[in-house]
Amino acid sequence: MSETTISAAPVRRPGRPGLFLQVVVASMLGLALGVFAPGLALETRWTTDLFLRLIVMAVGPLLFCIVVMGIVGAGSLRTVGRLGAKALLYFEVMTTLVLVISVGIALAVQPGRGIVFMPTADDAHMVSSYARNGHLLHEGGVTAFLLSLVPRSPVDAFAQGNVLQILFFAILFGCCVSQMGEAGAPLVRLTEALSTLFSRMMRFIIMLAPLGVFGAMAMTTARYGLDAIGHLAAFVALYFLVIALFVVGGLGTCLRLSGVSPVGFLRYFREELAITFATTASDSVLPSVMAKLEHMGLDRQVVGLVVPAGYSFNLDALSIYLGLAVIFLAQATGTHLTVWQIVIMLATALLTSKGAHGVPGIAIVVLAATLAAIPSIPPASLVMLLAVDWFIGIARAVGNLAGNCVAPVVIGAWEGRLDRKRAAEVLGRS
């Protein structure tokens, strides 16, 4: 992959406020509009929808080009296979570990204790579509998951924005092109040019991030109010706390073991984390994350393969949410879970969460699929979490992004493809 494909983070012009400051200002303005003019604030939803639609438009082709160039640039399919195997091993170990720990925390803290949930017909109707989709997701099992990896056509995968199918097609395409020799050179040049094109397109789109953040904050504040968390405050606070402990303790330890400063790393990605915090979507910062990782001394092949794969397979914060949510709902509905039921729940959650990135409402659907494995928990209880899903989604998106920033650093250090001296210099200047 050439340097023009994923360039370093753009340099700010003198006197121009940084993107982080713009996002903070937009957030404050949106909050104020939602509080003092809620009627007008509800009309700003189109700004967020526009921003997210632009992201979806560009992220699929960009992911495809990045993965293809990463495979071609690796030079050897054996190298690609080794990197992929190590990345998948890391993803599975990390997601399984955080899922088990989150279940343990929920059992110890008991966030659902004292809540007496009595489902109504309206509750059941509200969550029926989520429960139905979750039941289908659960029934499909391993076979359906494997079949879902293969698109009916490449065009269909891009049209639907299906990240897993795009990754599958990109891997197959890249492996074939890498074996074509000189005959594949025109395809490599075309893919490289398209990668540069979509990277530049994403730079233009990201300039609209403050607009998307403004609309998201204004609409949410107007719809739910400042005290929107209400009776679920304990659960939401617990989730935010666990995510913070995961980022600081878990990911910070991984960075230290890799020879990278956790504090400098967090400061280095502050803009990307701020955008994700406000919009609950991390797709928009993908090019910036990859550019910064490469700029700090991480091998571009590692970045090009691990980061896109992590967006579908390395959903640490979602795993934490599933572990806490199932135990919370069991306690709120007075459902006693056996050890075997908890094990089934963990296995189901790990399977159904794959490929869940970027799909609106997917966390509730995956949770419904997990509950289908434990029929004793009333599906209508999902309505409690549905009410605050947007707020939970803030920490979930930030946690997933943080995990996907750290994963390539761990794999790069494991492979000996991380320039620690360069990383120390770059992070020291951030």
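On the side of α21 turned away from its buried face sit the exposed residues Lys421, Ala424, Gly428 and Arg429; exposed means over 50% relative accessible area, buried under 20%, with partly exposed in between (1.4 Å probe, protein chains only). This is a predicted model, where local features need pLDDT of at least 70, side-chain atom pairs count only at pLDDT 80 or more, and totals for chains, interfaces and linings use all residues. Residues are numbered from 1 along each chain as its sequence is written, and side-chain values use heavy atoms, leaving out hydrogens and water.

Helix α21 spans residues 420–429, with Ala423, Val426 and Leu427 buried. These buried residues fall within an arc of 95° seen down the axis, so they line one face of the helix (the arc is that of the directions from the helix axis to the C-beta atoms). Helices are DSSP runs of H or I, at least four residues, numbered from the N terminus. The cover over the buried residues includes α12 (262–268) and α14 (286–295).

## Where α14 meets α15

Helix α14 packs against α15 (residues 300–313) at about 145°, with axes 10 Å apart; axes are lines fitted to C-alpha atoms over the stretch in contact, and angles run from 0 to 180 degrees between N-to-C directions.

## A closer look at Val307

Val307 belongs to α15 and, at 1% relative accessibility, counts as buried. Its contacts, not counting residues up to four places away in sequence, are Leu286, Met290, Leu293, Val302, Asn404 and Pro408. Val307 and Ala407 lie 100 residues apart in sequence but 7.6 Å apart in space, C-alpha to C-alpha.

How values were computed. Helices (H or I, at least four residues) and strands (E, at least two) are DSSP runs, numbered from the N terminus. Contact means heavy atoms within 4.5 Å.
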